[in-house]
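Subject: Structure handover

Hello,

Here is the structure for you to open. My notes on it follow below.

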Amino acid sequence: MATPGKFSYKNFTDELRERLSIVDVVGRRVPLTKKGQNYWGCCPFHNEKTPSFCVSEDKGFCKCFGCGESGDIISFTMKVNNMDFKSAIEELANMAGMKMPEYKPRDPRIVQREESLFDICEQACKLYQEKLFTVDGAHALEYVRGRGFTDEMIAKYRIGYAPKNNLIAGKFNNAKQLIDSGLCRRGDYGMYDFFRDKLMFPIFNAKGKVVAFSGRSLDGSEPKYINTTDTDIFHKRSTVFGFNFARESIHRANRSIVVEGQIDAIKMQVNGFGETVAPLGTALTEEHINLLCKSNRNIVFCFDGDTAGQKAAARACGIVMPFLRDTSDIKFAFVSGGKDPDEILKTGGVDAMSKIIDEATNLTDFLWELANKNYVVATPGGRAQAEKFLDSQLEKIADTELRKHYKQEYDKRKFQTWQSWKKPKAVINIKLPDIDSISKNTLVYIVNNYPELAEKYLDFLGTLGIDFDGDVPDLGMTIEAAEKYIVLLKLQRYLDKLNLQKKELINQRLMGNEDVRDEISKTDEEIKKYTEKLQLLTRL
Ligand SMILES: [Zn+2]
């Protein structure tokens with residue numbers, strides 16, 4: 001039977017189970033290897049040489065198929081350390097970075113207060129939902145439908161409308177609870193609603209209870225979204241939008257997708273990416289990642305392709321490092337062109353979005369790109385900075401074996417890529433032969449007869465080293481023919497230059513410079529491209 005004392009620990013142990021992965025807990029004592037869905041190691045409770053101790057991340061449970069010993073994080077910690085219940089959770093709380101609750105029955109008044117906050121939020125949610133379909137909420141309904149929300153979606157996500165006047169403040173008589181719920185504030189003229197004239201998105205806890213709201217402005221005023229401030233039942237740092245709906249899918253899809261906005265998260269969820277969530281208008285926190293990593297450690301971060309998005313991705317990368325396992329699959333996807341996932345889905349459909357997700361950059365490459373982009377790796381100082389940056393990130397990886405492999409990977413890349421900067425780049429000076437006298441005369445004729453062409457092609461004509469003064473016979477060219485002549489000549493000269501360049505590169509390679517290999521193939525491609533262009537133009 002549950003005593004009040006047990007009740008307080010129950011919440012705490014639930015939270016421990018939520019925060020800590022059994023693979024981490026067992027993995028500290030027993031080296032584990034992943035095989036299939038589960039992890040295996042040698043049983044710490046009986047003597048064995050081949051692993052029969054199985055740990056299931058999903059179930060949060062371990063079991064020995066040799067001696068039959070089994071348990072969750074708490075009973076494992078108790079048995080393996082020969083500890084009592086209290087010491088075991090103390091040890092685990094330490095691991096999770098959590099404070100132990102006072103060892104006393106939970107104050108029934110606190111429990112009751114939380115219950116009443118859940119209750120107020122639930123009732124408010126219903127009121128907002130009703131309001132959306134009244135005259136007051138017509139513009140909100142129009143807006144949300146305009147964003148592509150069906151009535152079914154509106155119902156599922158319990159989207160509502162907070163009117164311009166006070167809806168909540170007058171409904172309940174317990175002023176303190178209203179303030180504690182974040183729904184109302186006290187002003188000079190009494191209580192007033194915090195959310196007014198807003199499209200309301202309820203925020204649910206993992207169990208699907210309404211704990212807070214996010215209100216979107218409808219009149220174009222900034223900020224676009226305001227959220228309930230933290231309350232006893234809502235902590236922004238550890239809540240991700242859409243998680244209650246995404247839980248199942250995260251398990252099934254064996255990954256989660258993190259987008260920036262809640263509308264994006266909803267659109268993703270209803271378009272087949274049920275595993276999508278969004279942080280609540282804040283930057284991503286460790287607690288967010290922790291929550292997502294409970295069922296698996298595969299995350300696709302989906303950010304805007306702009307500078308802010310790149311920065312957010314870099315931040316996310318830093319936060320996710322401590323959570324890496326050898327089986328983790330962390331990726332970074334960018335939505336470019338100033339669009340967000342909602343617009344991608346609208347314009348390109350699920351295929352376009354899938355493509356973006358599928359082509360996401362994995363963490364190894366992303367980190368490498370960051371190091372190369374943020375530091376001037378062409379200089380020794382820049383390389384030193386980039387190296388320090390990489391090291392500081394890798395240090396965060398808890399699994400030492402994995403850290404070692406990351407280090408090796410980057411050592412290899414540093415050697416392959418950064419070495420080449422240390423050698424001076426091949427210097428190629430190409431000098432094209434002077435232009436022949438017939439071409440020269442033609443150009444002098446064109447420049448003197450069509451000054452507009454002379455101006456248009458000044459840059460090119462200037463490189464030819466011709467003296468344009470002087471008389472030449474009238475060649476009777478039209479302006480079109482004259483322009484075509486210049487363009488063809490320009491193309492031909494460029495191709496001549498490319499061919500000479502290629503010859504020089506091949507010479508350098510014959511002398512043992514392997515670094516020019518890429519440049520040779522690049523030059524080849526250019527030659528091919530411009531030859532085709534020239535042929536096309538000649539035929540015209
Ligand atoms: Zn055993």
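How are helix 14 and helix 15 oriented to each other, roughly parallel or roughly antiparallel? Helix 14 and helix 15 are roughly antiparallel. Angles under 35 degrees count as roughly parallel, over 145 as roughly antiparallel, 65 to 115 as roughly perpendicular and the rest as oblique.

First, the ground rules. This is a predicted model, in which local features need pLDDT of at least 70 and side-chain atom pairs count only at pLDDT 80 or more, while totals for chains, interfaces and linings use all residues. Residues are numbered from 1 along each chain as its sequence is written, and side-chain values use heavy atoms, with hydrogens and water left out. Helices (H or I, at least four residues) and strands (E, at least two) are DSSP runs, numbered from the N terminus.

Two packed helices are described by the angle between their axes and the distance between the axes. Axes are lines fitted to C-alpha atoms, for helices over the stretch in contact, and angles run from 0 to 180 degrees between N-to-C directions.

Helix 14 covers residues 363-374 and helix 15 covers residues 380-394. Their axes come within 8 Å and cross at roughly 150°. The crossing is right-handed (near helix turned clockwise from the far one by less than a right angle; left-handed if anticlockwise). Helix 14 brings Leu-367, Trp-368, Leu-370 and Ala-371 to the contact (heavy atoms within 4.5 Å), where they meet Ala-386, Phe-389, Leu-390, Gln-393 and Leu-394 of helix 15. That contact has 8 nonpolar residues, 1 polar and no charged. Here Ala, Val, Leu, Ile, Met, Phe, Trp, Tyr, Cys and Pro count as nonpolar, Asp, Glu, Lys and Arg as charged, and the others, Gly among them, as polar.

Helix 14 also packs with helix 12 (residues 307-320): the axes come within 11 Å and cross at roughly 120°. Helix 12 and helix 14 are therefore oblique. This crossing is left-handed. Residues that meet here include Cys-317 of helix 12 and Lys-373 of helix 14. The contact divides into 8 nonpolar, 1 polar and 1 charged.

Helix 17 and helix 20

Helix 17 (residues 437-449) and helix 20 (residues 479-510) have axes that come within 11 Å and cross at roughly 135°. They are therefore oblique to each other. Helix 17 passes helix 20 in a left-handed crossing. Ser-439, Thr-442, Leu-443 and Ile-446 of helix 17 make the contact with Ala-482, Tyr-485, Ile-486 and Leu-489 of helix 20.

The zinc site

Which residues hold the zinc ion? Cys-43 (SG), His-46 (ND1), Cys-64 (SG) and Cys-67 (SG) coordinate the zinc ion at 2.0 to 2.3 Å. Donors are N, O and S atoms within 2.8 Å of the metal (3.2 Å for Na, K and Ca); water is not among the atoms, so sites may look incomplete. The 4 donor atoms subtend angles of 104 to 117°, which makes the arrangement tetrahedral (four donors, all angles between 85 and 135 degrees). The donor spacing in sequence is C-x2-H-x17-C-x2-C.

Backbone points

The peptide bond from Glu-222 to Pro-223 is cis, with omega near -5°. Pro-223 sits in the loop between strand 10 (210-217) and strand 11 (225-227). Arg-158 has phi near 55°, a positive value in a residue other than glycine.

Best wishes

Technical notes
Four donors count as tetrahedral if all angles lie between 85 and 135 degrees; four count as square planar and six as octahedral if opposite donors are over 155 degrees apart and all others between 65 and 115; anything else is irregular.
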